[in-house]
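Please take me through this structure in a viewer, telling me what to select next and what is to be found there.

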Amino acid sequence: MRNRPLLQMLAIAVIGVAILIPLALIVPWFPSQGSRQAGNVRTLYDVLLIASVPIFVIVLTVVGFSVWKFHMKPGEEEKDGPPIHGNTRLEVVWTVMPAILIISLCTYAYTVLRSNEATKKDAMTVNVTTRQFAFEFSYPNGVVSPILYLPNDRPVVFNLHSLDVVHSFFVPNFSVKLDAVPGITTTLRITPDKIGTYPVECTELCGAGHSLMRSTVIVQTPANFAAWLGSQKPNGPPPVGTPPPNGAAPGIPGSGATASSSASSATSSTSSSSATGAAAGKALFTGSAGCSSCHTLAAAGATGTVGPDLDTRLRTDCATAASKAIRGATLEECIHTAITKPYAYLPHGYAAGIMPATFSKTLTQTQIQSLVNFLASMAK
Ligand code: HEC
Ligand SMILES: [Cu+2]
């Protein structure tokens with residue numbers, strides 16, 4: 001009879017475990033599985049659940065049972081419990097059991113990590129370039145895309161780069177993620193195993209537009225992927241932010257800055273007028289430059305609300321005397337300064353420090369000019 005409370009607690013714990021383990025395994029903790037790695041991670045997660053539920057139940061049962069059975073009764077206020085000190089057998093058990101449990105779970109998690117990060121032959125390399133606040137994906141043949149296209153069942157090695165701050169590349173359906181750190185290249189391996197369209201998210205708070213830093217991954221059959229890749233223009237413009245070729249310095253066109261910058265803008269406008277055209281500007285605005293995550297602009301289908309609504313504010317703000325004095329007299333000069341020196345003149349109601357101040361370094365002069373041409377054509 002001395003062991004009766006123990007047996008009662010054991011019975012409650014067994015029932016609790018029997019109910020909670022199936023419940024924990026039924027809960028859909030993850031979005032649908034889209035990669036081999038995700039399969040491994042999910043099995044690991046199930047094992048962790050099966051290991052933690054009994055511990056959770058045992059602790060709660062002992063606490064609950066004690067409150068119910070052994071609480072102080074009226075008249076016992078002055079009493080104390082029996083003075084028990086030391087129980088070697090118990091202490092050995094509660095040290096050795098958790099140690100075994102933790103060592104086995106760590107070993108298992110390590111093997112999952114090893115197998116998820118294993119080098120696979122026939123892997124395809126995709127470069128992921130991150131910037132405030134957009135992703136850009138480039139393929140070995142020079143195709144660059146703001147949307148990630150992948151062939152199903154083919155191992156992919158992602159080389160992550162960041163042009164400004166720390167970002168993180170995460171596709172929840174793939175169940176693995178990695179930081180993109182400025183100055184170094186980090187590597188993530190994923191083998192997609194289910195055809196579908198999934199979200200790509202940045203999971204590192206990287207600035208005011210962080211919540212809008214998203215893209216899409218489209219996993220296709222290898223044949224469809226090859227067709228897509230073949231239909232793209234190879235060796236297109238490099239990812240936004242790649243240092244300007246030939247060291248062309250970012251400058252302010254028309255501001256009569258240096259001889260070299262006006263010379264290079266003259267050559268760029270003659271040799272590659274299409275690259276500075278409004279169409280190229282629109283592509284940058286909506287895609288890789290990430291402007292549309294903060295600005296509204298109907299012509300670009302952009303609905304961002306962090307910065308001024310460019311449909312209305314561009315014309316009016318650039319027309320005020322104060323802005324003209326600081327940003328330059330013409331509409332083009334005003335827009336150029338707004339992009340390259342965003343805090344020189346702050347439109348009414350907006351604070352400094354939100355629009356990235358790095359565009360003069362991370363965009364080429366050609367790219368900036370195309371944005372200026374595009375926005376000016378919208379505001380005229
Ligand atoms: C993180 C959000 C964010 C991003 C990304 C962003 N902007 Fe801005 N933008 C702002 C804010 C806030 C302002 C107003 C304050 C200022 O001028 O710094 C602004 C101001 C402007 C202005 C001046 C508007 C006016 O009313 O005078 C222009 C033009 C502009 N941005 C263009 C761009 C372009 C082009 C890009 C992409 C290359 C871009 N912005 C990216 C937030 C952003
Ligand atoms: Cu980010």
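How many nonpolar, polar and charged residues does the shell around ligand 1 have? Select ligand 1 and its shell, the residues with a heavy atom within 4 Å of it: the shell has 23 nonpolar, 3 polar and 3 charged residues, where Ala, Val, Leu, Ile, Met, Phe, Trp, Tyr, Cys and Pro count as nonpolar, Asp, Glu, Lys and Arg as charged, and the others, Gly among them, as polar. This is a predicted model, in which local features need pLDDT of at least 70 and side-chain atom pairs count only at pLDDT 80 or more, while totals for chains, interfaces and linings use all residues. Residues are numbered from 1 along each chain as its sequence is written, chains are lettered from A and ligands numbered from 1 in the order in which they are written, and side-chain values use heavy atoms, with hydrogens and water left out.

Next, show His295, which has a polar side-chain atom 2.8 Å from a nitrogen atom of ligand 1, and then Asp317, where a side-chain N or O atom is 2.4 Å from an oxygen atom of ligand 1. At Pro342, a polar backbone atom is 3.0 Å from an oxygen atom of the ligand.

Now move to Glu201 and Arg214, which form a salt bridge with their closest N and O atoms 3.6 Å apart (a side-chain nitrogen of Lys or Arg within 4 Å of a carboxyl oxygen of Asp or Glu). Glu201 is buried, with a relative accessible area of 19%, whereas Arg214 is exposed, at 51% (buried means under 20%, exposed over 50% and partly exposed in between, with a 1.4 Å probe and protein chains only).

Finally, select Asp153 and Arg36, whose side chains meet in a salt bridge at 2.9 Å, N to O.

Technical notes:
Polar contact = N/O pair within 3.5 Å; in protein donor to acceptor, adjacent residues only side chain to side chain.
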